[in-house]
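Trainee: I am new to this structure and would like to go through it step by step. Could we look at it together?

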Amino acid sequence: MNVVVCVKQIPDPAAPQSLDGENRLSRTGKMILDEADTYGVEVALRLVEAAGDGEVSLVSMGDAADLTGIRSALAMGAVRATVVSDPLLRGADALTTAKVLAAAVKEGGFDLIVAATESSDGYTGTLPVQVAQLLDLPALTFATSVAIEGDHVVVHRQTDAGYDEVVAPVPAVVTVTAGVVEPRYATFKGIMAAKSRPINVVTTADLGFAPEDVRVRQEIVGVETSASRVAGEKIVDDGNAVARIVAYLEDIKILSGGAS
Amino acid sequence: MSVEHVWVVAEPAGEGLSATSRELISQGRRVGDRVTALTWGRHGERSAEVAGALGATRLVDFGDLGTVIPASVIAASLAALVPSEAPDAILIPASPDGRDIAGRLSVMLDVPVLTNVTGLREGDGLLSEHPVFGGTQTVVARVRDATPALFVVRAKSFVAEVVASTPAPRDALVAATSVTPPATIRHSHVQERSGPALDDAAVVVSGGRGLGDVASYALVEELARLLHGAPGASRAIVDAGWVPYSHQVGQTGKTVKPDLYIACGISGATQHMVGMKGAAHIVAINKDPDAPIFAVSDLGVVGDVHTILPALIAALSARGDS
């Protein structure tokens, strides 16, 4: 059972976020492993452990100057990573990213590709399915549980009403929601081992793409400040909060009564 | 450049079309000269009535797909029609199946897809609006050298509007065969919930991590019940397993636009804010005076949900009108 996990390094969501001169998310600060991806890595590790053989590897696209985030996924137990890093990919849309990741994944063998339902910085949410389509694979998305039954993968897929049990033959692409499992903490041994695990940094040319194949086709024409809500009254509860809330609900006619 | 032909991927729901699909048909009529709605499922005739009322000029119906997850088959069916129909833009609901269809279609047509769209405007072709940083800023984007433009649009971005009383002419087509091995639904599990639906409720009371533990969510449910509203949740407590995903408000959950939104122990992550900041009135209760949720609140209460909620519930229970 070999599982490839798509991971992404993102700007620390806890730090202030801004757009750069080209109206793209500024990626100059500290980059960390997207927390959403830790669930994918954990699911992959558990599937491999349950199968009793095989390994978990990683693919990623982004600037390779700082690979701390990739190292933290390796420290959890993945054995190697391929990072597609290329100035041509600055501002790449999800389809282009999917093309290079699909090409990177194809280089090694796999039974399953696991990804987060969406990244925590871009929230695009189409990349895993685009990878599936590029590789002619079934996709099982929004999974809250993942299991292997023989040569099939079975997931619980979130729905508005509850969940569907969805099945497809492997190889397949699975996207997992956050919270599907509790991601393990890297052990000291894992962190030390991660230092020597290979990270293969490749360019689009290494994967056989011409510059024309990865050109940016999605453009930001402007950024506007939204008509934002204005913060209203803020009170500190000193025992009066309930009375104030009730009065407000009367003002907006959710409750009857009020100025009587 | 005006937009001539707009396609709307009209997702079936119940015996008709999903709410977001209906909104997109209306919006398609506003920005395009003609709108083709494309659907599947077992209720094509009813869907033709719904689509026609909203101004669709035609409904293409691929019929019942059985238990197959629709993405592969529907994307292949749409891709096969694109050359002869030449849509300028394709609007797709931001639902799980909608996103999956968009991803596959994007590869089949080799065009990028713009997601998380909350607005469309005419410029050089169609431009899309995307909220960023919790909706404080709007990015305006477009694709270039690529037709048709694919837009995945969030729920409640547009208003559905009945403009006609005749059904749209319905073309029943045979769905394409997909080369991709299918993913199929083996069982559907329905988790019961009572009270008004989260997306339609006039009042939504949501809880977050600040509740401290799963037992305290009962306070949120009780307050929602007293206000005839629906209980909601932040992603944090859905991920923690306190409440089902169907309660989730935000980027990955429901977009709600109630008359009143009460956020209890929710700090106001970007993820959450985009799903609720369209509420007419927002009340927030949070211990942290610097919580981002207060920036969008009409009434912000810095305090402990564990003392305020029980007292508020008691006060409302004592009134005759709630």
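Trainee: How many helices and strands does the secondary structure of chain A come to?

Mentor: This is a predicted model, in which local features need pLDDT of at least 70 and side-chain atom pairs count only at pLDDT 80 or more, while totals for chains, interfaces and linings use all residues. Residues are numbered from 1 along each chain as its sequence is written, and chains are lettered from A and ligands numbered from 1 in the order in which they are written. Helices (H or I, at least four residues) and strands (E, at least two) are DSSP runs, numbered from the N terminus. Counted in this way, chain A has six helices and 13 strands.

Trainee: How many residues of chain B are in contact with chain A?

Mentor: Two residues are in contact if their C-beta atoms, placed from the backbone, lie within 7 Å. On the chain A side 63 residues take part, and on the chain B side the number is 74.

Trainee: Which strand of chain B is joined to E13(A)?

Mentor: Two strands pair if DSSP finds at least two bridges between them, and here four bridges join the strands, which run parallel. Within this pairing Glu233(A) stands opposite Leu299(B). The partner of E13(A), covering residues 299-302 of chain B, is strand E18.
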